Amino acid sequence: MAGFDNREISMSVASHFFAPTRLRTASLMAGAALALVLSSVSVDAETLRWARVGDALTLDPHAQNEGPTHTLNHHIYETLVGRAIDGSLVPRLATDWYIDEADDTVWVFEIRQGVTFHEGQQLTAEDVAFSLDRARTTPSGMAALHAAVQEVTTDGDYTVRVRMAGPAPLYVQNLTNTFIMSREWAEQNAVETSQNFAAGEENYAVRNTNGTGPYRMVERDPEVRTVLRVFEDHWDDAPEVTEIIYTPITEAATRVAALLSGEVDLVQDVPVQDIARLEQTDGVRVVRGPENRNIFFSYDMTSEQLASASVDDNPFAKPEVREAMALAIDRDAIRQVVMRGESQPSAAPLPPFVNGWTEEMHAYGAPDQDRARALMAEAGYESGFSVDLHCPNDRYLNDEGICLALVGMLGQIGMDVNLVSQSRTLHFPLIENWETDFYLLGWGVPTFDSQYVFDFLVHSRGGAYGAFNGSRYSNPELDAKIEALATMTDLDARDALIAEIWDEVMEERIFLNVHNQVLAYAMRDGINLAVHPENQPRMTEVSFD
Amino acid sequence: MPRPGHSDAPSDQATAPQPSGTTQARPQDTLRRAWDSDLAYSFRTSPVALVSGVVALLIILAAVLAPWLAPQNPYSTRDLILMDGFTAPMQPSLLGNVYLLGTDDQGRDVLSAILYGARISLFVGFSAVLFAMVLGITLGLVAGYRGGWVDGLLMRIADVQLTFPSILLALLIFGIARGMIPPAYRETMAIWVLIVAIGLSDWVQYARVVRGATMVEKNKEYVQAARVIGVHPARILTRHILPNVMGPVLVIGTIGLALAIIAEATLSFLGVGVPPTTPSLGTLIRNGQSYLFSGEWWILAFPAAALLALALSVNLLGDWLRDALNPRLR
Amino acid sequence: MLAYILRRILQSVIVMLVVALVAFSLFRFVGDPVSTLVGQEVTIAERETLRDQLGLNDPFPMQFASFIARAAQADFGISYRLQQPVMELILARLPATLELALVSGLFAFFFGVTLGVYTALNRRGWTSSAIMTVSLIGVSLPTFLIGVLLIWVFAVELQWLPSFGRGEVVDLGWWRTGLLTPSGRASLVLPAITLGLYQLTLIMRLVRAEMLEVLRADYIKFARARGLSNRAVHFSHALKNTMVPVITITGLQLGSIIAFSIITETVFQWPGVGALFINSVRTVDVPVMAAYLMLIALIFVVINLIVDLLYFAIDPRLRIDRSAVRH
């Protein structure tokens, strides 16, 4: 992939992992000065018309932990720490953060001074403490990320102390989508907690906002149109885009047509088949970059029998069969034809910029059908077997196409795969409820650390662990190692343990990884915007030629 | 034991002189009469009817003979070559294979996919129409003949049915069926669910026409006479009344066939329909629509042309049939 | 008369209840709303709690009873997905759908009648055959494909008309209209054609058939014999008598247009109730789906009721017919 060096980025993530870059006061002042200049010439406002497939579900900053919702909210609200394009942490409302030297279970955040909310309130430590408490209390959708928090206290007007259940060296990584709101505003409008579905009432914060972010909300018609205008009193450099008109367009063809006809300036969800054509179109440019998301297959490798298989035993329990499948899959063909060259094939079920990724895990050999057939025979399936494959058809880029391609490839080695592709609302419960033998799943790693993958996909199911462990894999020894990761403060030892766990996971072939998803944004010529690894682009990053 | 060269037993019998003579003459007579009938005359002299009849017949034949005509079995995942995907018509693929109408995203030969897809679309269309027809005619005959509360009840049900837009009804049936059918059978049952969903939303028209005609016929003298001599009502209905209403039923059925084929395509757009491994014409179009702007025009254009040719010719036949069967328009 | 009206209203209520039951039972099978409500980190226990809170674990009759009780007060709860009151969402989107349905209905009616009259009067002409054949294309291709093709030609290639949305809108109280701005009217053109094409074909065929019937009627022959001009015969006599069934059918079709707008609205990203419904189906937003289906059923029931009552009031023959059927 042109212009993208995995190693370099993973290195930079590692170096940024715990070392916040301090923002220099000089640049802050320069930014303020620039903001003044720009606000005086805001007559020739730069409007950006932005389209993507779906809308934010709510503007309540803590109700939903969902990509498109966070993406829009990042323009109105701000977080303590932000995530740069390369995955590193950058200061936002916190200027500094560290683990208390006296007590390794306490995180300390220094809050930025001179920040005002859109309605004029001054940001203080009180607001931050209130917001963190709101975010970690049900019915907040963000609660799981703050499960280890025991208490949030303030220390003066600009310091917040967060006491954890134990050492939590990675906690700050969980804060990149936890927005800060005004305590006063929340109390005035009775939104001290986030939306409660069961209550059956609308929350004031669903459609009304008061953040510290670079844009103010001017108009909101859910799923139709949202208009944001630049917030003149924002503390950071003024963005070039002064007005954002955000319109969701569900149908892929219509979305592309709107860009081609000049009705929108930026399309975020570009269908892979249209990328090449858009690149050749005058007046349109396409940027692409890897997403923090992996697409892989997994299977029930533990049960005695499979529900949908034509044989009495469980073929996936046999290492030979799992190896045969790994030899049958032709990742390059999927990349070239299904993904139109827009993916990063890999054997590793995690993106390169996630801590724990290695070149060895990533490497995959050429497909070898003869060897695969031989392995199938060795395992006792000379005449093959049939099994159902479950696949979502509206969640990942060309998800159904990937499944169809695998069906063909496995057919070559005697596996008669019956594809069941359906909407994500029907697909994901199958994995959660252990009702599928063989399935496709995509997984993002918002913390940029392998522990997140282990917690949800490898650890045996129970409590907060293993919610998406559809392989039913259960290894108490490995579980203990995974649990140990959470509280390890010696980072070298921790990385070594991560590597050890990965060795075991790769050896067992719990996942049949296909690729890392690559995103493309298409825009009018003259607009510059890089792909965001979590697919949460910030319009503050947009520059015009 | 049949001799070689004479294994074609039925044709032997047909050419052999029959002792009675009358049995042999009858089919020829029927043919003769059919050929001379007003309907046939109207068909022969209407260029639109002739052309659309031929086109529809060709497509139906091609669909029925798909396994012998198609260069590839597009439903056998083993035969598909993924690396041949997106090959343009008559252009060699990366692996050097040439496809007359190109290939789609899965490396499926578009021509084969159309032939097999038309098979599914026609199967769904004919079955749905047959289902609606049988249901509609039966209920219409019963309602018209019995009258009274039976008629009242059936016509109220028909009203409720008309209350609900066909497309929503089909979505509802699909949703309910998905809940009731165990997951393992959902894919194989999908096509039957589709048939029931489309058929159920269409029976009322048949029922209304048949009921109206039945109410008129049942008071005619020959029916009264048959009733008096104790002929079973079922026999009266099927032998005497039914033939009299077959004209309008046939017209509705022809147009219904085109509607059912389009309805199948529309439902595939809404995400309910046949599985993607066995695409129908509608699914092919839904899929091809994604390639409208990407330059692979053939993935959309050929299936759309096939569907248009099929639905248009059937619709035109229906149009012609309606005019031809309306005696007042001669 | 009163008994008849009461009976019809009672029937309408029963229809609504049946629709409610069917719609409601469907929702138990379309998927698990919880998996779309919560993110990937939420534990199984927390999911189960939410399921409990939403009443998804209650027995079916209980869920249905509480649904009916609230629906009777037009309270469909809060959208799982958009977290707004469902009725408010639907009322906000309804004007867009009604405007689209009305404009496409008028489009279908105007062109349908014109072309129908033309083809009836020139039955043997080749232009008539051409019109009859070409109009069938509208019912021989799926609506979504026609919409996409129109977008391709008129929005992308020619850039004459917008490809999506409603353009600029003006708020008239709670009614948000796109009819008062040039961009709003331009945005209506393609969706209205897409949605109206099917009805146009239908109306055109109906007008043609009715005209052909009427033109054969005795009073038309008399009119001709009286030496009236062709024009007078065709338009003041024949067309006038054709219009009653045509207007009735068009009116009845309005509900159907609203239902079919779910496809057109999806293709053109038209912010109406149809697009809202499909998005809700995709995310299993049960309260919105239920309310939408009830709304469509209500519109149908009301239109049917009005037509029936009008017939009853206008045409005394029907009174005899109806009672003859029902005694």
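**Entry 1: chain C.** I began with chain C and found 13 helices and two strands. Helices here are DSSP runs of H or I with at least four residues, strands are runs of E with at least two, and both are numbered from the N terminus. This is a predicted model, where local features need pLDDT of at least 70, side-chain atom pairs count only at pLDDT 80 or more, and totals for chains, interfaces and linings use all residues. Residues are numbered from 1 along each chain as its sequence is written, while chains are lettered from A and ligands numbered from 1 in the order in which they are written.

I then looked up burial: 46% of the 327 residues of chain C count as buried. A residue is buried if 20 or more other C-beta atoms, placed from the backbone, lie within 10 Å of its own. Of the contacts in chain C with a separation of 6 or more, 71% join residues 24 or more positions apart. A contact means C-beta atoms, placed from the backbone, within 7 Å.

**Entry 2: chain A and its partners.** Nonpolar covers Ala, Val, Leu, Ile, Met, Phe, Trp, Tyr, Cys and Pro, charged covers Asp, Glu, Lys and Arg, and the others, Gly among them, are polar.

Next I checked chain B, which puts 23 residues in contact with 25 residues of chain A. The chain B side holds 10 nonpolar, nine polar and four charged residues.

**Entry 3: the cores.** I turned to the largest nonpolar core, with 247 residues. Such a core is a set of buried Ala, Val, Leu, Ile, Met, Phe, Trp, Tyr and Cys residues joined through C-beta atoms within 7 Å. The members touching the most others are Ile114(B), Tyr206(B), Ala290(C), Tyr292(C) and Leu293(C). Helix H6 (residues 110-146) of chain B gives the largest share, 19 residues. Another core, of 82 residues, lies apart from it and includes Leu327(A) and Phe86(B).

I also followed Ile114(B): leaving aside neighbours within four places in sequence, Ile114(B) is in contact with Leu281(B), Leu284(B), Phe302(B), Pro303(B) and Ala306(B).

**Entry 4: a helix contact.** Leu281(B) turned up again in H13(B), where Leu281(B), Gly282(B), Thr283(B), Ile285(B) and Arg286(B) meet Glu264(B), Ala265(B), Ser268(B) and Phe269(B) of H12(B). I noted four nonpolar, three polar and two charged residues in this contact.

Technical notes
Two residues are in contact if their C-beta atoms, placed from the backbone, lie within 7 Å. A residue is buried if 20 or more other C-beta atoms lie within 10 Å of its own, exposed if 12 or fewer, and partly exposed in between; C-beta atoms are placed from the backbone.
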